[in-house]
Amino acid sequence: MHLPGITRRDFLKAVGVTTAMAATGTLPPVLYAGERRLETYPEKADLLLLTARPPQLETPLKYFKELITPNEALFVRWHLANIPTSVDLATWRLVVHGEVENALSLTLDDLKRFEKIEYTAVIQCAGNGRSFFDPPVFGGQWLNGAMGNVTWSGVRLRDVLKRAGIKAGAQEVIFKGLDNPPLPTVPGFAKSLALDKAQEDEIMIAYEMNGRELPLLNGYPVRLVVPGWYATYWVKSLSDMEVAARPFEGFWKKSAYRIPDTACGCVEPGSTPAKTVPITRMTTRSLLINPQDGSRLKAGRPIELMGVAFSGGYGIKEVSVSVNGGQDWRPARLGKDLGRHSWVQWYYPMKPQKAGSYDVRVRAVNSIGESQPLDSLWNPAGYLWNKIERNTLIVV
Amino acid sequence: MRIRLLFILMTICAGGAAGAADLHRITLPPPTVSLKEGAGVYVVRRYCSICHSLDYITTQPKFPKAKWQAEVAKMIKVYGAPIPEESVKVISDYIAAYYGTGS
């Protein structure tokens, strides 16, 4: 039986469910912790379903064999049940208000008249890898598929803010999208950036992913792109920008998406941090993509390992690979460089002579020397996962 | 008169076409998860699915009852879930028994 697009680990979890479906022809049964099922959502490929309302869908690792993640394959993560399922460009507007000289109400065509910029950047959910936390934590139980590498096109946030004219004394920009809470008591999703950050050259209001319009589930018609920072800031279906005189105090900044205020963003597993700060920049990561963890190889037959590596906006300087559980490390060859926000593909030739189990590890270092920890770092919300992964390749 | 009517019709059709081109719509598949039968399952279905699909429960790791109690309390305190106090125990007992560590 061949199930394309899911890792062996996914496969082991999904196979029972799939078999049951095939046998009975009925609706899939209940999925337990860690189990996954492939589902096709509108404008999306078969992705691993975490939750349906609101939708949270994870990208199977096979898609990361490509340098660019297709729009259909990019993960989906919404916070609140009332997500936009239709957008009419005749009435849709992006409004800019608050501490500005001229409030703006822009159509998509208005927006497209600003200078167009384009770059490739990794988008990654703050909770990517949360399912590997030990002890486990509440939240979306992502494996490693809440990420992707996309070429974004759009306009500079700075240019739009400049058109509005920021008044003296303004401190932050607050971003809201078209999604709404299921109850009035649930805090509506909103994020903010300090004015300095918001005016950085690369912060983008994106209207294209890989040269095409965004799928609705990924934030059509426009979303914020904050390269180097976790996707919680990349507000989807962006519709409202408020320039504020005071720092934003909303729930999604004051209570959620926070990490321990320690050098590693971590605390003793199971403990409560004394102080927390908002999560911002991504940690450095590298992953083995092919052959996948758990694959079987033939002794004596050469094979090229490949994977991806990325960091929070500083580019990857080197990737090392160990095929003996971290005793010896050798440099991997790096593929095409699409800039400091893109991930880079790495390649490593391996010719396993003896049969047995090989413990394969990958480690990346970025251009400012940041790397990955040997052991997992823990925090209560399950963020910043970037330990050196242990993969097993079985040689027969 | 005829020409004017034709003109109006053409305008409506053109407008309709433009409107369709501007509208981007998707239809989401309905949640399919169904909880295991057991004491309290109706209470869980009734309250938890107000805000989210029930796979938010079934996809979580196995947690003890105390953790689920705290989680249900958070739903009330932080998100304003309209769960009556007497149902908190019913909900956390059910989830701990069927999707948690049991105790």
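Contact is taken here to mean heavy atoms within 4.5 Å. The structure is a predicted model, in which local features need pLDDT of at least 70, side-chain atom pairs count only at pLDDT 80 or more, and totals for chains, interfaces and linings use all residues. Residues are numbered from 1 along each chain as its sequence is written, chains are lettered from A and ligands numbered from 1 in the order in which they are written, and side-chain values use heavy atoms, with hydrogens and water left out.

Chain A is divided into domain 1 (30-256) and domain 2 (285-395), the bounds coming from an automatic or database domain assignment. The centres of the two domains, taken over C-alpha atoms, are 28 Å apart, and 31 residues of domain 1 of chain A are in contact with 27 residues of domain 2 of chain A. Between these domains about 2500 Å² is buried, with 62% given by carbon and sulfur atoms; buried area is the accessible area (1.4 Å probe) that two parts lose on being put together, summed over both. Of the area that domain 1 of chain A buries against domain 2 of chain A, Lys65(A), Leu67(A) and Phe133(A) supply 24%, more than any other three residues.

One salt bridge is counted between the two domains of chain A, a salt bridge being a side-chain nitrogen of Lys or Arg within 4 Å of a carboxyl oxygen of Asp or Glu. Arg340(A) forms a salt bridge with Glu202(A), with 2.6 Å between the closest N and O atoms.

In the interface between the chains, 35 residues of chain B are in contact with 45 residues of chain A, and the two chains bury about 3300 Å² between them, 62% of it on carbon and sulfur atoms. His24(B), Ile26(B) and Tyr79(B) together supply 21% of the area that chain B buries against chain A, more than any other three residues.

Strand E5 (residues 86-88) of chain A pairs with E1(B) in the antiparallel sense over three bridges, and Val87(A) stands opposite His24(B) in E1(B). Strands (E, at least two residues) are DSSP runs, as are helices (H or I, at least four residues), numbered from the N terminus, and two strands pair if DSSP finds at least two bridges between them.
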